[in-house]
Number of protein chains: 2
Amino acid sequence: MKKQSRRSFLGAGTILSVAGALAALPLLGSAFKKPKGNFVHHVYFWLHNPDSEADKAKLIEGLQTLKKIKEIRLARIGQPASTNRDVIERGYAVSWLLFFDNLDEQEVYQKHPIHLKFVENYSHLWSKVIVYDSVDV
Amino acid sequence: MKKQSRRSFLGAGTILSVAGALAALPLLGSAFKKPKGNFVHHVYFWLHNPDSEADKAKLIEGLQTLKKIKEIRLARIGQPASTNRDVIERGYAVSWLLFFDNLDEQEVYQKHPIHLKFVENYSHLWSKVIVYDSVDV
């Protein structure tokens, strides 16, 4: 009886584990088959006060608010790396990299109230913005 | 007896499934906890012959060879999207976006024989390159 009861216990545990693992598998599949959408939106910000750490932190704070927009598949906030060659642009203060499923989702983001609020509240910080929108070839 | 033997069969099946699922979990974990390294290397290529689809295809062929470099965590080849606003740069022909774990891995990529071969074989195609290297804030 004891042996039987141990086997039943293991059985229940493994079934629960399998249920959890199977629930996770679609995430795994989508992460590898279609990494993060077809549309890459990369924005570089130059600040009015490039030496102001406070202004840079403020801009980053603003970008963080945008992450709530659900159409975004991946978001990364960066700053220039230490690399330094002739071809490398290092004058910007903040890099804002987004992946979207497609052009339409990116358009939703552009017109989203959170995005419009961001522009309203933080655009006084930047002197220049360059945007590179690309789609996978 | 029949009931017992069915339970044993299910037990074996679930144990195999759990083994497979556990093997997959580290991949899932790394994909979500640390999306794709800390270092973003984004290169934009302008062509000598911007209207040449053949030259563009040739450059893309060259970039494809770079994907074999194992330090690359994510690679995407893009072309300008249809978006068109004042702040959007659309003059480049090809976008080459890479994620690395860190600066050191990116340096390995720069000096990799496959990368040096790429520059040797394909650099005649481009007239200008702009590189943005950024690290997560």
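**A tour of the salt bridges**

Select B:Glu61, which at 37% relative accessibility counts as partly exposed; buried means under 20% relative accessible area, exposed over 50% and partly exposed in between, with a 1.4 Å probe and protein chains only. The model is predicted, so local features need pLDDT of at least 70 and side-chain atom pairs count only at pLDDT 80 or more, while totals for chains, interfaces and linings use all residues. Residues are numbered from 1 along each chain as its sequence is written, chains are lettered from A and ligands numbered from 1 in the order in which they are written, and side-chain values use heavy atoms, with hydrogens and water left out.

**Chain B, helix 2**

A salt bridge here is a side-chain nitrogen of Lys or Arg within 4 Å of a carboxyl oxygen of Asp or Glu. Both B:Lys58 and B:Glu61 belong to helix 2 (residues 53–66) of chain B, three residues apart, about one turn of the helix. Helices (H or I, at least four residues) and strands (E, at least two) are DSSP runs, numbered from the N terminus. B:Lys58 is also partly exposed, at a relative accessible area of 39%.

**Across the two chains**

Next, select A:Arg76 and B:Asp136, whose side chains form a salt bridge of 2.9 Å, N to O. A:Arg76 lies in strand 2 (residues 74–80) of chain A and B:Asp136 in strand 4 (residues 126–136) of chain B, so this pair joins two chains. A:Arg76 is buried, with 7% relative accessibility, whereas B:Asp136 is partly exposed at 29%.

**Chain A, Lys70 and Glu71**

Move to A:Lys70 and A:Glu71, where a salt bridge links the side chains at 3.1 Å, N to O. A:Glu71 is buried, its relative accessible area being 11%, but A:Lys70 is exposed at 69%. Over all chains, the count comes to eight salt bridges.

**Chain A as a whole**

Finally, select chain A and colour it by secondary structure. Of its 137 residues, 42% count as buried. Chain A exposes about 7,600 Å², of which carbon and sulfur atoms supply 58%; accessible areas come from the Shrake-Rupley method with a 1.4 Å probe, and for residues only the protein chains shown count as cover. Among contacts in chain A (heavy atoms within 4.5 Å) between residues at least 6 apart in sequence, 75% join residues at least 24 apart.
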